[in-house]
Amino acid sequence: MNLSKIIRKIKNLSKHKNIVMCHGVYDFIHLGHIEHFKQAKLKGDILVVSITDDKFVEKGQDRPFFKTNERIKVLSAIKYIDYVVISKSKDAVHNINLIKPKIYCKGPDYKILANDTNGMLKKEVNAIKRIGGEFYITKGRQYSSSKMINSLSKNKDQIKFIKGLNISPRYVRNEFENLKKKNILVIGEGIIDKYTFAEVLGKSGKDPIMNYNIVSSRSYCGGAISIAANLSNFCKVDTYISVGDEKKNFNMIKKSLSKCNKNIFFKKNKSSTPIKNRFVDNISNQKFFGIYEIDQKNYSADDKNKIINYLRGIKKYDLIIAPDFGNNFLFKEVCDILKKKTNHLSFTTQINSTSFGFSSLNKFKNSFSIFLNEKELRHELKDRSTDIEKLMKLISKKNNTKHIIVTRGKLGSIWYEKKYNKFYYCPAFARDIIDKTGSGDTLYAISSLLVRFTKNIKFSLYAGSMASVDNLSDYGNKRILEKNNLLKSIIYSKV
């Protein structure tokens, strides 16, 4: 029976029956749910359960565990429930207004207002009161579907790490709320990440090459642009971005940075914004080829002077985030000026096909933090076998850097704090990886921001890791981080 027919039937019943309504995701039915439904049914004659549709569930990675139709089948088999309806929104307000129940019930975990992580319960309570209904909280032992699912879906290292964090939902919300008025600068190179999807036609009849037919293409802003766009949902962001002097892609760049306070663009004469075009097999979704459009020339003396003179006059910032993608924008003089504008300068560097053999961490000396992956660290120190911790200590001492953060793919990440000679380890949390492009930048951005203002290294590293999971589930930087979604991923990941 479709939703409209169910609604009509419930409206007819409500003329002579008391309707009770419950709402939730109900992803993993347990004893607490059964008791909740039993008590709710005792409050009236007809029990209607509203469930959140899959695309509106915001409880972190891989949720919901069971899809909408599967959840409907399970709930429909419970004897206390008379009707199951789908909610096509994040909350139950629309369904409350449609069904007009006499009583709206929530479980005992909602006795604590702090569990209302996004204010949806307040909206629902207001909705039931507006139609003259009653809000009721059932009693009994509290269970958590999220905790059960997390225990099943996480390995022992992940569970141990999360338990060791010892953070409450209130702590998570407060730490992110405190970021809202912080002023930061993101300075670095803009990149356009293009994905060309193609299907194989077969080997050429005359030449020993494979031929492909292009099916579609997508482009997303990457590099410093995506970092700034992500951070603009958490704090006040100014940007100084290196781009080309062409009009192509410029509107997309400006749109990506629309939430930033101020955007200054430095243009290299007669150059275009770097475009990294990855060709993807349309069937397997595997990348098989890449073509880059990148001007590797240094900035002219005139362009360099313009950049230097401008940066000398900028204000001081609470934090400067400076990603270096090897396209010559963060030359030594720029790095030296940035170090004078803040005590908290966070760098990341990238070895790629255009910068391999030419990059160096020397220009990042005396900075607050440096983020890089293990391959980049080993390349810098020309060492492929020494324990990673020894190399992190070595580069920290050599560059006089307070924090060294190394990402290691499926092995997770390591944070070294020079002041206390201490290491922090965080496991990897991503499972279904579509594309790794941009994930390290997202971890770098969120971790840099949090460690500057919270001083909690383990929490900063974990939040950055959870933020990067969202990147990994799609191509490039298609997904811009939403603050509320990240908060839920962190809060609901507890076991």
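Tutor: Buried means under 20% relative accessible area, exposed over 50% and partly exposed in between (1.4 Å probe, protein chains only). The model is predicted, so local features need pLDDT of at least 70 and side-chain atom pairs count only at pLDDT 80 or more, while totals for chains, interfaces and linings use all residues. Residues are numbered from 1 along each chain as its sequence is written, and side-chain values use heavy atoms, with hydrogens and water left out.

Student: What percentage of the residues in the chain is buried?
Tutor: The C-alpha trace spans about 85 × 65 × 45 Å along its principal axes. The chain holds 17 helices and 17 strands (DSSP runs numbered from the N terminus: helices H or I, at least four residues; strands E, at least two). Of its 495 residues, the buried share is 53%.

Student: Among contacts between residues at least 6 apart in sequence, what share joins residues at least 24 apart?
Tutor: A contact means heavy atoms within 4.5 Å. Of the contacts in the chain between residues at least 6 apart in sequence, those that join residues at least 24 apart make up 73%.

Student: How many of the residues of α9 are buried?
Tutor: The buried residues of α9 are Ala224, Ile225, Ser226, Ile227, Ala228, Ala229, Asn230 and Leu231. Their cover includes β6, β7 (210–223), β8, α10 (250–256), β12 (319–324) and α15 (439–454). Helix α9 is largely enclosed by the rest of the structure, because the buried count is eight of eight.

Student: How many residues apart in sequence are the parts that Phe176 and Phe234 tie together?
Tutor: The two rings form a tilted aromatic pair, 5.7 Å centre to centre with 45° between the planes (ring centres of Phe, Tyr or the six-membered ring of Trp within 6.5 Å; planes under 30 degrees apart are stacked, over 60 edge-to-face, the rest tilted). Phe176 counts as buried at 1% relative accessibility, and Phe234 is buried with a relative accessible area of 2%. Phe176 lies in helix α8 (residues 169–177) and Phe234 in the loop between α9 (224–231) and β8 (236–244), so the separation of the parts in sequence is 58 residues.

Student: Which geometry class does the pair of Phe197 and Tyr475 fall in?
Tutor: Phe197 lies in strand β6 (residues 183–203) and Tyr475 in the loop between α16 (457–472) and α17 (483–491), so the pair ties together parts 278 residues apart in sequence. Both residues are buried. Their rings are 5.2 Å apart centre to centre, with 85° between the planes, and the pair is edge-to-face.

Student: Which residues do ring pairs link into a cluster?
Tutor: A search of the whole structure finds 26 aromatic pairs. The cluster linked by ring pairs consists of Tyr240, Phe266, Tyr299, Tyr310, Phe329 and Phe331.

Student: Which residues is Ser413 in contact with, leaving aside its neighbours within four places in sequence?
Tutor: Ser413 lies in strand β16 (residues 413–417). At 4% relative accessibility, Ser413 counts as buried. Beyond those neighbours, Ser413 is in contact with Val406, Thr407, Tyr424, Tyr425, Cys426, Leu461 and Ser465.
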